[in-house]
Amino acid sequence: MEHFDHLYDESENAKVRFLGFASEGSRHDFGIVYTHKFYGKPLVICMQTGQSTLLCSEDAVNPGYLQKIFRLDSASEAEALAQFFQECLPTISFEDNQY
């Protein structure tokens, strides 16, 4: 068996939000895990595809990224999702990213 270096093993009580909504052409179901890890960026999980990413409202201004990571069929879906995430995800200031 190969030896692995132990990096971390931490537990945290995290806030989780489940969101389901429908746009004109599709349904979306997401889980958002708010944690103190990952520089304060929530972990956003698409419950339909299993795809996940760390995302804050500033990251959501890029619909092309959302289309790729969440495997969306159209650019208009990605635009609607970008607008939604910009409104519901927290902003992360530069100071919050300091150690």
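Student: Which side chain does the side chain of H28 make a polar contact with?

Tutor: Bearing in mind that this is a predicted model, the side chain of H28 makes a polar contact with the side chain of S26, at 3.2 Å.

Student: And is H28 buried or exposed?

Tutor: H28, which has its place in strand β2, is buried, because its relative accessible area is 5% and the cut-off for buried is under 20%.

Student: What does H28 touch, not counting residues up to four places away in sequence?

Tutor: H28 touches L19, G20, F21, S23, Q48, L72 and E77 once those residues are set aside.

Student: Moving along, how do β2 and β3 pair?

Tutor: Strand β2, covering residues 27-34, pairs with β3 in the antiparallel sense, and four bridges connect them.

Student: What stands opposite L43 in β4?

Tutor: That is L54. Strand β4, residues 52-54, runs antiparallel to β3 and is joined to it by three bridges. The two strands form a hairpin with five residues between them, and in the turn G50 has a positive phi of about 80 degrees.

Student: New topic: which residues have the most contacts inside the largest nonpolar core?

Tutor: They are F30, I32, V44, F70, F85 and L89, in a core of 18 residues. Two or more core residues come from each of β2, β3, α1 (63-69) and α2 (75-88), and α2 gives the largest share, with five residues.

Student: What is F85 in contact with, leaving aside its neighbours within four places in sequence?

Tutor: F85 is in contact with F30, I32, V44, L55, S57, A60, L66 and F70.

Student: Last one, where does pLDDT stay under 50?

Tutor: It stays under 50 over residues 94-99, for which the model has three contacts beyond four places in sequence. Where pLDDT is low, the predicted coordinates should not be read in detail. The protein chain averages a pLDDT of 86, and 92% of the residues score at least 70.

Definitions and conventions
Residues are numbered from 1 along each chain as its sequence is written. Side-chain values use heavy atoms; hydrogens and water are left out. Two strands pair if DSSP finds at least two bridges between them. A nonpolar core is a set of buried Ala, Val, Leu, Ile, Met, Phe, Trp, Tyr and Cys residues joined through side-chain atoms within 4.5 Å. Buried means under 20% relative accessible area, exposed over 50%, partly exposed in between (1.4 Å probe, protein chains only). Contact means heavy atoms within 4.5 Å. pLDDT is the predictor's confidence in each residue, from 0 to 100. A polar contact is a pair of N or O atoms within 3.5 Å; within protein, one must be able to donate a hydrogen and the other to accept it, and residues adjacent in sequence count only if both atoms are side-chain atoms.
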